[in-house]
Amino acid sequence: MSEPNRCPVCNAGFRGAAICTRCGADLERLMRLVVEAWQLRETARRAIAAGDFGRAFELAAKAQEIQSTRAGAALLRLSEWLDPTPPPASQSPAPALPSSSRC
Ligand SMILES: [Zn+2]
């Protein structure tokens, strides 16, 4: 499965070209990011296969930061669903005990 890459300037589809054939934009940096995101998703898939869902979630989230794809979103949701540990967002601080001041 491959998703078409698009020039961020003119939205022309491209494959393997370092410079956009339509507008001449430099696509090398973009392609490097696409490859990086793809590698992160591949590593996330391997982490899921190995049962390391927390790591898979981190990798998929990083891949989505670099390049948001439907495959990445699916990986993110899958690893989140498989990971039994709750996210650290729900932190409830212990209520402060009132200091007894009696004279
Ligand atoms: Zn272009």
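The protein chain holds three helices and two strands. This is a predicted model. Read from the N terminus, the elements come in the order β-β-α-α-α. Of the 103 residues in the protein chain, 17% are buried.

**Confidence and overall contacts**

- The protein chain has a mean pLDDT of 86, and 80% of its residues reach 70 or more.
- Confidence is lowest in strand E1, residues 5-6, where the mean is 80.
- Confidence is highest in H2, where the mean is 96.
- Where pLDDT is low, the predicted coordinates should not be read in detail.
- Among contacts in the protein chain with a separation of 6 or more, 31% join residues 24 or more positions apart.

**Helix H2**

- Helix H2 covers residues 53-66, which is 14 residues.
- The buried residues of H2 are Ala56, Phe57, Leu59, Ala60 and Ala63.
- The cover over these buried residues of H2 includes helix H1 (28-49) and helix H3 (70-82).

**Ala63, a residue of H2**

- Ala63 is located in helix H2.
- Ala63 counts as buried because 25 other C-beta atoms lie within 10 Å, and the cut-off for a buried residue is 20 or more.
- Setting aside neighbours within four places in sequence, Ala63 has contacts with Ala37, Leu40, Arg41, Ala44 and Gly72.
- One of these residues, Leu40, is 23 residues from Ala63 in sequence, yet the C-alpha atoms of Ala63 and Leu40 are 5.5 Å apart in space.

**Helix H3**

- H3 has 13 residues; at 1.5 Å a residue it should span 18 Å, and its end C-alpha atoms are 18 Å apart, so these values agree as well.
- Gly72, Leu75, Leu76 and Ser79 are the buried residues in H3.
- Seen down the axis of H3, the buried residues fall within an arc of 100°, so they line one face of the helix.
- The face of H3 turned away from this buried side carries the exposed residues Arg70, Ala74, Arg77 and Trp81.
- H1 and H2 are among the elements that cover the buried residues of H3.

**The nonpolar core**

- The largest nonpolar core consists of 12 residues: Ala37, Leu40, Ala44, Ala47, Ile48, Ala56, Phe57, Leu59, Ala60, Ala63, Leu75 and Leu76.
- H1, H2 and H3 are the elements that give two or more residues to this core.
- In soluble globular proteins, nonpolar side chains tend to be buried together.
- Ala63 belongs to this core, and so do Ala37, Leu40 and Ala44, which are among the residues that Ala63 touches.

**Asn11, in the loop between the strands**

- Asn11 lies in the loop between E1 and strand E2 (13-14).
- Asn11 counts as exposed because it has 10 C-beta neighbours inside 10 Å, and the cut-off for an exposed residue is 12 or fewer.
- The phi of Asn11 is near 70°, a positive value in a residue other than glycine.
- Most residues other than glycine have a negative phi.

How values were computed:
Residues are numbered from 1 along each chain as its sequence is written. Helices (H or I, at least four residues) and strands (E, at least two) are DSSP runs, numbered from the N terminus. Two residues are in contact if their C-beta atoms, placed from the backbone, lie within 7 Å. The expected span of a helix is 1.5 Å times one less than its number of residues. pLDDT is the predictor's confidence in each residue, from 0 to 100. A nonpolar core is a set of buried Ala, Val, Leu, Ile, Met, Phe, Trp, Tyr and Cys residues joined through C-beta atoms within 7 Å. The arc is that of the directions from the helix axis to the C-beta atoms.
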